[in-house]
Amino acid sequence: MNVLRLFDDYLQDLARNLLIDLLGGSILGGLPTYRLADGLYLLIKTITLAYGAAYTALKAPGWISDKAKVKEMLVRAFIEAGVYVEKQRKDWGDGKMKPYRVFPTIERVAIAANCTTINLRLPIGMEPDLIERKAWVFQRVFGPTAELVNDRAGRFRLLIPKTLPAKIPYSLETAQAALQRTGGFALYIGEAYNGSVAVDLKQAPHVGLVGVTGWGKSTALRVILNTWLQVYGPDRLRLFLADLKMTEFGLYRGVPHVEGAIAVRRAEVVAMLAEVHEVLLYRQEMFHQAGAVDLDEYEELTGERLPYVAVCIDEVASLEGESAAHDILEEIGQLGRSFGIFLILSQQRVDREVMDGKLKNNLNVRIAYRMSDDMNSKMFLGTAAASGIDTKGRCYVKQATDTVEVQTPWLSPKEARAQVEDIKRRYAGVAKAPLLPPINPNIPQPVELNDEESADLRELLTALMQEEVPPHASA
Ligand SMILES: Nc1ncnc2c1ncn2[C@@H]1O[C@H](COP(=O)(O)OP(=O)(O)OP(=O)(O)O)[C@@H](O)[C@H]1O
Ligand SMILES: [Mg+2]
């Protein structure tokens, strides 16, 4: 304390001397300059102290709440994995013996910039191998980097470094838990250093995946689709798939969630998008009649639950020049959310026509794998970070103003195929409701023809009539 006092006196003297040197011994008709110097010094000191106190008051609860959050997550992990000892004690109220749980003691939580460390002490009666066997739960709760270290004598350290492993095996349980946590209709992307990343499509409905060739876009689509197929039934989700490289989506052929064939040629993709557009218009009409604003309200009002629809196109840049397809994609980007119709589009570069303009602005979940240069990364993410990615399957996920680094789990095509075969078996013979009303052959359907088609039709009819007219009739 004395040292502080001395330092304070020293600063005060310094301020006095400085001002006397500058202004002389007295100013303003004889007021001693040292009084002015002391006044100024006191003012500056008060402002500095007040600022320091306010900073501590605002910041300290943050530190405390971060630690409290870690403790709460730990207890959740202990409960989930059964890491506790159950004991009995007499209840104060009714005097009966009641069970209670004793968890490991959390001795210390230290949150540093690059690693969080938690010191744990096991309660009497808990075998160390119980917590060791259940170490997976810490990865589930704190992310894939969490590591449990046995310090012996019933003490453990849980380390959670803020780095990501280069490869993470796909786990359906992890993906499913991440989807459930969002509470909505969600999309699982992968693992950040502090846990799984999933986005609620009702909040952020359209997804763009971008990155140079061979760094993980198709693998990410496989992870997204396989998770969906295993979690949601065809009554909840329908897929329209297009794969212009003809290499990726073959394994989804015959899956009951998939509408029609997998589009592999430009004309097929255009036809597929026209069908999605029909679904959009049909839902627009139905919602209008029911007075509903979105899928949830429609279900509330009518009791009918409509499936979500996801349109997934790998390498959407191959549609360059197809203005009809582009228009439909733009329209879905604008209106799809209310009608439960979502877009997932992948492409190697951002500066291509298809993902430009209005459509790009509506892709509110942006997933960037390695990008060719800073400019492309900035155009898509607002930061150059993605051009520096050096791990396959590593991406930046941008949603609203948040950008997180994520590792997509590795799901091999073989494993994916086995999962898909399971899905086909699970839903074999299950009828699914059509997305559009069936066409009734008894009601004439309007057909729109362009000039060329009308001319063709007229020619065909004339030819048919000429054939059918018997020679004697014209005589
Ligand atoms: N999440 C991942 N974890 C580990 N390795 C990965 C991951 N994603 C991709 N890879 C590796 O990179 C290879 C290429 O990945 P992928 O086919 O997904 O790239 P792509 O971005 O779709 O490329 P293209 O633009 O040429 O289609 C994979 O075969 C695999 O070896
Ligand atoms: Mg690919």
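Author: What follows starts with the helix pair and then turns to strands, a loop and a ligand.

The model is predicted, and local features are given only where pLDDT is at least 70, side-chain atom pairs count only at pLDDT 80 or more, and totals for chains, interfaces and linings use all residues. Residues are numbered from 1 along each chain as its sequence is written, while chains are lettered from A and ligands numbered from 1 in the order in which they are written.

Two packed helices are described by the angle between their axes and the distance between the axes. Helix 7 (residues 266-290) and helix 9 (residues 323-335) pack at an angle of about 35°, and their axes are 9 Å apart. Here helices (H or I, at least four residues) and strands (E, at least two) are DSSP runs numbered from the N terminus, and the axes are lines fitted to C-alpha atoms over the stretch in contact, with angles from 0 to 180 degrees between N-to-C directions. The crossing is left-handed, that is, the near helix is turned anticlockwise from the far one by less than a right angle. On the side of helix 7, the contact involves V269, V270, L273, A274, V276, H277 and L280, which meet A324, A325, I328, L329, E331, I332 and L335 in helix 9; contact requires C-beta atoms, placed from the backbone, within 7 Å. By class, these residues divide into 12 nonpolar, 1 polar and 1 charged.

Among the strands, strand 9 (residues 186-192) runs antiparallel to strand 10 and is joined to it by 6 bridges, and a hairpin of 2 residues connects the two. Within this pair, G190 has V197 of strand 10 as its bridge partner. Strand 10 (residues 195-200) is mostly covered, since 5 of its 6 residues are buried, which means that 20 or more other C-beta atoms lie within 10 Å of their own.

In the loop between strand 4 (97-102) and strand 5 sits P104, which counts as buried because 24 other C-beta atoms lie within 10 Å. The C-alpha atoms of P104 and P123 are separated by 5.4 Å, although the two residues are 19 apart along the chain.

Finally, ligand 1 has 15 residues around it, of which G216, K217, S218, T219 and G393 come nearest; a residue is near if its C-beta atom, placed from the backbone, lies within 6 Å. This shell has 3 nonpolar, 9 polar and 3 charged residues.

Note on methods:
Ala, Val, Leu, Ile, Met, Phe, Trp, Tyr, Cys and Pro count as nonpolar, Asp, Glu, Lys and Arg as charged, and the others, Gly among them, as polar. A residue is buried if 20 or more other C-beta atoms lie within 10 Å of its own, exposed if 12 or fewer, and partly exposed in between; C-beta atoms are placed from the backbone. Two strands pair if DSSP finds at least two bridges between them. Two residues are in contact if their C-beta atoms, placed from the backbone, lie within 7 Å.
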